Each structure stands twice: as C-alpha cells, then as structure tokens.
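Please work through the exercises below with the sequence and the model side by side. Try each task before reading its solution.

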Amino acid sequence: QVQLVESGGGLVQAGGSLRLSCAASGRDFSGYVMAWFRQGPGKEREFVARISASGSLYYGDSAKGRFTISRDNAKNTVYLQMNSLKVEDTAVYYCGVRALSRAEYDYWGQGTQVAVSS
C-alpha cells in the first residue's frame, strides 16, 4: 500500500526557515516525479515545486529564490527547504507523486501545517 507522510511543519516567525520532509513507502519512487503543493486558508491548492527522477527542478513563482526542493531516492523521500518565510506562506503543505508520463498526481500525503507569524 502506497503511503506518503509529510513532517516538519510548525509555527515560525516571518523571516525564519523550515524544512519539510515527505517519506514515501509502498513502492520504489525513484523513477517518479515528486512535488510539493500548498493550500492556504480560503485558497485553492497551489503548486510549489517539483523534482524529476533525473533531478530536474521546477518552482512556482511563490517559491523561486526562497525554497529548495531535493530528494533522496535511497530513502524514497522528498524535502522542501523553506527560507525567508512570509506570512503569506501560511498553508497546509502536501507532497504528491506521479509517474513521468502522467499529468495528474497519483499519490498524495495528508499534509503538514505551516504557520508563519508576523
């Protein structure tokens, strides 16, 4: 059974940093695209960043220059290092995984809450 478990969320002051982790289990995801999305209060889910199996990176506008996505295939884990956090980064952060050939994400975690205070 495939399972994605996010961790690392919490409360941080504006300008601070957090590192999110998403551990995947149930199959080998080394050949899959792994990504982070977020959903703020009253907002739709928003793309944050993705990393391909080969390590290619792509960031949403809100993440560029402040967030870094990485992965450890040996651990089936994807990370999101978030620096210079802003109040508007407050959201539930979700990781998603999809096959390279697919446009839709096949698997999702339950989310981890990030709250940034001013």
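The model is predicted, and local features need pLDDT of at least 70, side-chain atom pairs count only at pLDDT 80 or more, while totals for chains, interfaces and linings use all residues. Residues are numbered from 1 along each chain as its sequence is written, and side-chain values use heavy atoms, with hydrogens and water left out.

**Exercise 1. Strand 7 and its hairpin**

Task: Describe the two faces of strand 7, then find the residue with a positive phi in the hairpin of strand 7 and strand 8.

Solution: Phe67, Ile69 and Arg71 make up the covered face of strand 7, whereas Thr68, Ser70 and Asp72 make up the uncovered one. Strand 7 runs antiparallel to strand 8 (residues 77-82), and six bridges join them; Ile69 stands opposite Leu80 in strand 8. Four residues lie between the two strands of the hairpin, where Asn76 takes a positive phi near 55°. Most residues other than glycine have a negative phi. Asn76 is buried, with a relative accessible area of 11%, the classes being buried under 20%, exposed over 50% and partly exposed in between (1.4 Å probe, protein chains only).

**Exercise 2. Rings and charges**

Task: Characterise the aromatic pair of Tyr105 and Trp108, and find which charged residue sits over the ring of Trp108.

Solution: Rings of Phe, Tyr and Trp (its six-membered ring) pair if their centres lie within 6.5 Å, with planes under 30 degrees apart counted as stacked, over 60 as edge-to-face and the rest as tilted. A search of the whole structure on this basis finds seven aromatic pairs. One of them joins Tyr105 and Trp108, which are 5.7 Å apart centre to centre with 50° between the planes, a tilted pair. Tyr105 is buried at a relative accessible area of 15%, while Trp108 is partly exposed at 35%. The charged end of Arg45 sits over the ring of Trp108, 4.4 Å from its centre, the criterion being NZ of Lys or CZ of Arg within 6 Å of the ring centre and within 35 degrees of the ring normal.

**Exercise 3. Two loop residues**

Task: Locate Ser62 and Lys86, and list what each of them touches.

Solution: Ser62 lies in the loop between strand 6 (57-59) and strand 7 (67-72). Leaving aside neighbours within four places in sequence, Ser62 is in contact (heavy atoms within 4.5 Å) with Arg38 and Glu46. Lys86, in the loop between strand 8 and strand 9 (91-99), touches Arg66 and Val116, not counting residues up to four places away in sequence. Lys86 is partly exposed, with a relative accessible area of 38%.

Technical notes:
Pairing = 2+ DSSP bridges.
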